[in-house]
Amino acid sequence: MKRRTIAAGLAAASLCAGALFSAPATAAVPAGGGHGHGQCSLVDKTLTATASVDQGLTDAFTTYGNTGGAWTGGDSTYSLPLGKGRTGWFFSDTFLGTVNPDGSRPTDSPFVNNSVVVQDRRGGLTTITGGTPEAPAGIIPPEADGSWYWIGDPTPAKHGDVQVPLLQFERTGTGSFDFQWKANRLATLDGDTLQLESITDSPSATGINWGSWTLEEGRTTYIYGVADPGGVRSGYVAKAVGRNGIAGTWTFWNGSGWSTQEADAVPVVPYVANEFSVARFKDGYLLVTQDTSELFSTRIVARTSCSPTGPFTEPVELYRTPETGAAGSYGDADVFTYNAHEHPNLRHGNRLVLSYNVNTFDNVGDVYDDASIYRPRFIDVQLTVSR
């Protein structure tokens, strides 16, 4: 029974690569290109990329996962500076426990829906969860009704706290895929202990899954979300202004301005993944995502814009993930990759640090037989910007 429960959670995570959990009514999706709101030179430049494995982060999480006796794998892989030289790595579905000497994962490994791995200034890693050592739970534990939370991109809050957008899910039956999105919510964590302080409601009227990414600019925090109008997975933008961060009042980009009505939100970029990133780059903005114009794509791409709201240029390929499918590095048709994004806090000039996740449809076999499958991958991308 325990193994089937874990499998159901991972099956849900697997859907991040192929289908959304809810969607608003059909809407037009902009094709991208043009300067749009604001003016910059970046959208007129040519981007070329040279990519390689980030060996430092890859080795750190591989060694920790195999020998740390705590976190052994997870997905989402958001990062946030926590002060005092610390970085928090925020994960959704997470395996805990140990890894066997042969690289397999014990079938009774503890499993929680979210966790944080804290990296100290010397590179040491420590796993933070809720619950107790004997009965661990997520940092944001399941509700009494059995619904659970996956995390979005965390953002700093006042008084040193951390705000974490949440996607809440509930079961609709006993099968692995019998679940549905229920609501968007917001967790506030203590900035030092990363323990839960509160959960509040977030806009949820339209079915847009908010929290794919957050972008802080001065007193404004942009919140990105996803839905699939017309079957095209697309990005949306809201914003909150003031010291309350995303606990404040939201307005929604309607194509020409900001509306107080969530129903007015329009898609600003097509073919994004459930998780993606948008960050300042040169005199514009850089969006990084797994390509969802094709099912289970291996392509990680970038788009540029002069504004956080777009329009965004046509995609440029940054990297192809090597793990996917029977021809991939695992030689396994069930393995796929998903949810690539940048870590702007680790950027050095034009050198980007990206992560993506690896998973398998055989989540009652593969994830136990080989613990390395269900772990993030890290790559360095050197961008060249030319006319």
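This is a predicted model: local features need pLDDT of at least 70, side-chain atom pairs count only at pLDDT 80 or more; totals for chains, interfaces and linings use all residues.
Residues are numbered from 1 along each chain as its sequence is written, and side-chain values use heavy atoms, with hydrogens and water left out.

The chain holds 3 helices and 28 strands; helices (H or I, at least four residues) and strands (E, at least two) are DSSP runs numbered from the N terminus. Of its 387 residues, 57% are buried, where buried means under 20% relative accessible area, exposed over 50%, and partly exposed in between, with a 1.4 Å probe and protein chains only. The accessible surface of the chain is about 15,000 Å², and carbon and sulfur atoms contribute 50% of that area; such areas come from the Shrake-Rupley method with a 1.4 Å probe, and for residues only the protein chains shown count as cover. Among contacts (heavy atoms within 4.5 Å) with a separation of 6 or more, 58% join residues 24 or more positions apart.

Because 9 of its 10 residues are buried, strand 27 is largely enclosed by the rest of the structure. Strand 27 pairs with strand 26 in the antiparallel sense over 6 bridges, two strands being paired if DSSP finds at least two bridges between them. Strand 28 (residues 376–386) also pairs with strand 27 in the antiparallel sense, over 7 bridges. Leu354 in strand 27 stands opposite Glu342, and its bridge partner in strand 28 is Ile379. With a relative accessibility of 8%, Asn363 counts as buried. Its C-alpha lies 9.2 Å from that of Asp334, a residue 29 positions away in sequence.

Elsewhere, 3 strands form an open antiparallel sheet in the order 2-5-6. Its edge strands, strand 2 (71–74) and strand 6 (111–112), each pair on one side only. Strand 2 and strand 5 (residues 94–96) are joined in the antiparallel sense by 3 bridges, and Gly74 has Thr94 in strand 5 as its bridge partner.

The second largest pocket contains about 210 Å³ of space. On a 1 Å grid over the protein atoms alone, a cavity is a set of points where a 1.4 Å probe fits but cannot get out, while a pocket is an open set with protein on both sides within 12 Å along at least five of seven lines; lining residues have an atom within 4 Å of a point. Grid points are joined across faces, edges and corners, and a volume is the space filled by probe spheres set on the points. The lining of this pocket comprises 19 residues, with Trp213, Thr214, Glu216, Pro344 and Asn345 nearest its centre. Two or more lining residues come from each of strand 3 (78–83), strand 16 (209–217), strand 22 (277–281) and strand 26 (335–342).

Some backbone details complete the picture. The peptide bond from Gly310 to Pro311 is cis, with omega near 5 degrees, and Pro311 sits in the loop between strand 24 (299–305) and strand 25 (316–320). Tyr271, in the loop between strand 21 (269–270) and strand 22, has a positive phi near 60 degrees. Its relative accessible area is 33%, so Tyr271 is partly exposed. Lys282, in the loop between strand 22 and strand 23 (284–290), has a positive phi of about 55 degrees.
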